[in-house]
Amino acid sequence: MLFFEDQDSITTAAEGRVEGIAKVTGKGKYAAEYTVENVCYGALVGSTIAAGSIQAIDVTNAKQVKGVLDVLTHQNKPLVPGFADETKIKESRFGLPVFHTDKIFFKGQPIAIVVAETLEDATYAASLVEVTYTTEKFVVDFREAQASTPLSMAGKERGSMEAWSDAQNIVEAEYNIAAEVHNPMEMHATIAHWISQDKLKLYDKNQGVNNVQRTFARLFDIPTDNIEVISEFVGGGFGSGLRVWPHVLATILAARQVNRPVKLMLTRPQMFTAVGYRPQSWQKIKLAADKDGKFLGLLHQAQHSTSVYENFNEGITRIARLVYSIDNLKTESSIVPLNLSTPTWMRGPGDCTGDFAIESAIDELSYVLKKDPVELRMKNLSLEKSPDTGLPWSTNYINECIEKGAARIQWSERKALPGQVKEGDWNIGYGMAVGMWNAGRGNASAAIQMQKDGSLTVQTAMTDIGTGTGTAMQNIASEITGISKQKIKIELGNSTLPPAPSQGGSTGLSSISGAIVAVSKALKQKLADYASVQDEVYKNATTEDIILSESHLSFKTNGNHAIAYTSLWETHNLNVLEVEASSGPGEERQKYSFCSSAAHFCKVRVNSKTGKVKIDRMVCVADGGKIVNAQAAANQMSGAAIGGIGMTLMEEQKVDARVGGLIGNDFAGYHFAVNADAPLIEVDFIHKPDPNINPTGSKGLGEVGIIGCAAAIANAIYNATGKRLRDLPITPDKILLA
Amino acid sequence: MKPFAFTKAESLPKTLSAKKETTQFIAGGTNLLDLMKKHISQPDELVDITSMLSDKIEAHKKGIRIGAMVRNSTVTLDANILTNYPLLAKAILAGASPQIRNMASAGGNLLQRTRCPYFYDITTPCNKRQPGSGCSAVEGENRMSAIIGYSEQCVAVHPSDFCIALAALDAAVVVTQSNQKNSTIPFSDFHRLPGSTPQQDTNLPANALIHSIEIPVNDFHKNCAYVKVRDRDSYAFALVSVAAALDLKGNTIQEARLASGGVAHKPWRWYEAEQYLKGKEANAVHFKEAAAMAAKDVKPLAHNGFKKLMLQGAIETALQNCLTT
Ligand SMILES: Cc1cc2nc3c(=O)[nH]c(=O)nc-3n(C[C@H](O)[C@H](O)[C@H](O)COP(=O)(O)OP(=O)(O)OC[C@H]3O[C@@H](n4cnc5c(N)ncnc54)[C@H](O)[C@@H]3O)c2cc1C
Ligand code: SF4
């Protein structure tokens, strides 16, 4: 369970990631890598039609394969209490009632799981399951369905649309973004093990163990504590692990049926339909400004896809209410049901999509107004208060992000008119955009166990999905207690540890940091309490009065009234000193609004003959409050920026309207950005703590790194070529045809 | 994946005589294993031919011979190739990833199958995979598909980069037939157009082996280039690729070669444009004219109209690059 077990790794890992050595040596175990005695293997069978129902499933041939233990379908599955009837299914909010319906909602929907002694047997047998269907009409073409889906108000209207109907400087345009998949490197996997009739142990890839635990406790009607979920190492998530997906339940049911632990790992093609994706979207923007550039009004309309069996709304227009002060604002949206699996949150959900349209439109307006897009934005930022809640920002340094970014990329090199700079067949241009995200915080708990040698183990249930959570926990605990990082171990990603929210929505560090500060202080307090028996001076000591070192605690200054841990431990006959504490948001949430923000600047070159876009430079400056660990934070930003490059230039989950499903759903067909597509991302921070958000002053960074990237690149392409591209991804063909 | 037997080939005669319709040779396995995992190839037996075929690059008077088992990355490191046939290395380096190139064999590269997404999805109709079932791409998602030489039955493109360079350099494929006799197939005849039998990619006789690839001596080593336009800059197949080679005397073109990938069911030579360039000055005006000449015959499908412009641009760029890189 420990991130690292031997002394060596502790001493060397402190400067980098706490889990770094375990990861690169292969010692760290991802969900599918655990060995569980008597385990057998599952393989999912997906429907080959997009809509209709199952007439018959013939498993005869599949069962002939040597090693096959059973094949689960809707006809023979063990009943899930939470799916007992239609009402319960609805109430469960689980989405797809896997194996509890004969209805088909999308192509690739899991309709059977084959369980066998080996993965090979299971996979082969899965190919022999024969299904006959009654087919129905399906809808998978978003563009077609979207046009006939009405919009409705999304949030309160500000001012009126009439107030700016005669505005002189106006842009009106539509923007489209293709569906994108998360596809983290580690494919989703589960090992389900029923320890007894009502005790379940899961090794599972997800972003929140407590969420998984609660979900199955409800579905199976068993106490939460009877379920242990282990997700100690998570090879990326990007939002795909924020929900509990049908394949996990399928594995649990299979384990129940064969009465053995079952391991299931999704295949790469299955990853495209099993764990959500960023939905395809359409947006329309109407934006006007007076001659000085003050925004007069904004109309933001948006639609995105969802599935036919579930409503998912990611809130594309939210960002319209966040960044700028606009007196007249109207936002409308709707979701468009398709015969595809349900989409979900993907890095910068909603805002990333909405931001592309708004920040592109602002750039378009800047050319209409003949104003520098940096100045235009600066003029309209809402720096004092949130335009949506009306509450003052606790901190908002988006203006400083813009200034710092502009200086770094040498924005003054940018030409005001497009298509001015050429090098051979290459056109060169600059672009920028900003991004913002509501900075949230949840309730989180953490525990510390202290040994008499002064070493600590800091624990929480929160997962570390590659974001550096464990490392940040170590940094904070060391800073508050004074104990060196080398002596602090981290344990996380296990539901038996103190509960914490899921790692998502840029709230991970914001939430857990409060708990780590609280528990570190609790430790000091507890030591002071024990110490007061030996030395009166500690009687009324506060945590600020106490200083910890490797071997002893002291009062006010190191060495003053020093008491060695060994002596404390002996006096009080201690074995391990244990403290636990929780921390969460409070009334500051009524007083302030909170945001993280970023400014993205880039320099691109566009080949006029081949349509190729190369990004020469990308500068991302973020306000993430106090930066707890500079390396991990920069890593979040550059990873997000490369995700942004993928979103802008190549990512597209293709749907074939005739086939009724995805095509090219593998890594040969779906392109995400690789190193060759990205320059070295130049990351910088504002480094100003937010005094109100949590005890460390740090705000989340995971989302703002990507929000704004797409518009910055598209705006740079316009500056380079005079071609305005409003449909993502901007592949070479679109450049050539524009 | 369907269970299969695995044997290591010991001798050529034994291997050839034992080869059945349901047996398949495996070299690097980088394409075949994917096809098996996706239930597109379902052999009963795999015969590993890696230790039975030459992995040598041999120079001789008339040219150079690349054994069928030479790994793709070996081609890119060979001194003789880098000096005298650099176009081959340039093309290979524009494809796949270092790991795949380390595994992939020269013979296997010639026989890799199309990347048409429907071909890889057994739930969709595809004449190449299942003759007679129909072509999903012709009226479906055909952004990556052919713009020349296709038929109603199949609009898929040939995916290899290496083969485009081989086509440009007038290579030939030496094959060992089941009767153990060697014969030579000119490269231009090795791959086929789909016609009404798209299931057949090449003219390699049934149960025959690729023995080696011959490339004749040429004067293109100083001025050659490979341009590959793709959706991302590494590890992606070509939207359009161009192998260009010029034999220059001063600035006058003695001979020109132009071949493209991503446009047809086989590596495509632009003979008319080559002919046009012969005797001309190497300059942008002539390059542009040659590119237009190549592009005039193409007939894009619903979603790949851009390939005409891209082809033109890529040919111009490749010819230009012949002078600089
Ligand atoms: C993710 C990915 C990306 C790729 N990207 C590119 C790219 O950008 N450009 C590119 O050109 N290629 C690309 N490739 C393809 C790669 O070049 C081929 O897979 C490789 O060249 C095949 O060689 P192999 O030895 O592995 O063939 P195998 O997979 O072993 O065999 C392929 C076929 O050839 C047959 N075969 C092999 N050798 C012989 C022989 N000597 N005689 C008769 N039959 C034989 C086999 O029976 C089989 O049918 C990519 C591949 C992958 C997996
Ligand atoms: S183009 Fe060829 S490979 Fe693609 S679907 Fe049609 S027949 Fe199959």
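This is a predicted model: local features need pLDDT of at least 70, side-chain atom pairs count only at pLDDT 80 or more; totals for chains, interfaces and linings use all residues.
Residues are numbered from 1 along each chain as its sequence is written, chains are lettered from A and ligands numbered from 1 in the order in which they are written, and side-chain values use heavy atoms, leaving out hydrogens and water.

Let's start with the chain A sheet. Its 5 strands run in the order 16-17-25-26-29, and the sheet is open with mixed pairing. Strand 16 (421-423) and strand 29 (681-685) of chain A are the edges, each pairing on one side only. From one strand to the next, the twist averages 25°. Strands here are DSSP runs of E with at least two residues, helices are runs of H or I with at least four, and both are numbered from the N terminus. Two strands pair if DSSP finds at least two bridges between them. In general, strands of a sheet pair through backbone hydrogen bonds, either parallel or antiparallel.

| Strand pair | Bridges | A bridge pair |
|---|---|---|
| Strand 16 and strand 17 (residues 426-438), chain A | 3 bridges | A:Val421 and A:Ile428 |
| Strand 4 (residues 57-60) and strand 5, chain B | 4 bridges | B:Ile57 and B:Ile66 |
| Strand 5 and strand 8 (residues 209-216), chain B | 5 bridges | B:Gly63 and B:Pro216 |

Two helices lie across the chain A sheet. Helix 11 (residues 373-380) of chain A lies across strand 17 and strand 25 (595-607), running at about 15° to strand 17. Helix 12 (residues 398-409) of chain A lies across strand 17, strand 25, strand 26 (613-623) and strand 29, at about 25° to strand 25. Those angles run from 0 to 180 degrees between N-to-C directions, using axes fitted to C-alpha atoms, for helices over the stretch in contact; contact means heavy atoms within 4.5 Å.

Over in chain B, a hairpin of 2 residues joins strand 4 to strand 5. Strand 5 (residues 63-67) of chain B is mostly covered, with 4 of its 5 residues buried. Buried means under 20% relative accessible area, exposed over 50% and partly exposed in between, with a 1.4 Å probe and protein chains only.

Back in chain A, A:Gly639 sits in helix 17 (residues 630-649). A:Gly639 counts as partly exposed because its relative accessibility is 32%. A:Gly705 is 66 residues away from A:Gly639 in sequence, yet their C-alpha atoms are 7.8 Å apart.
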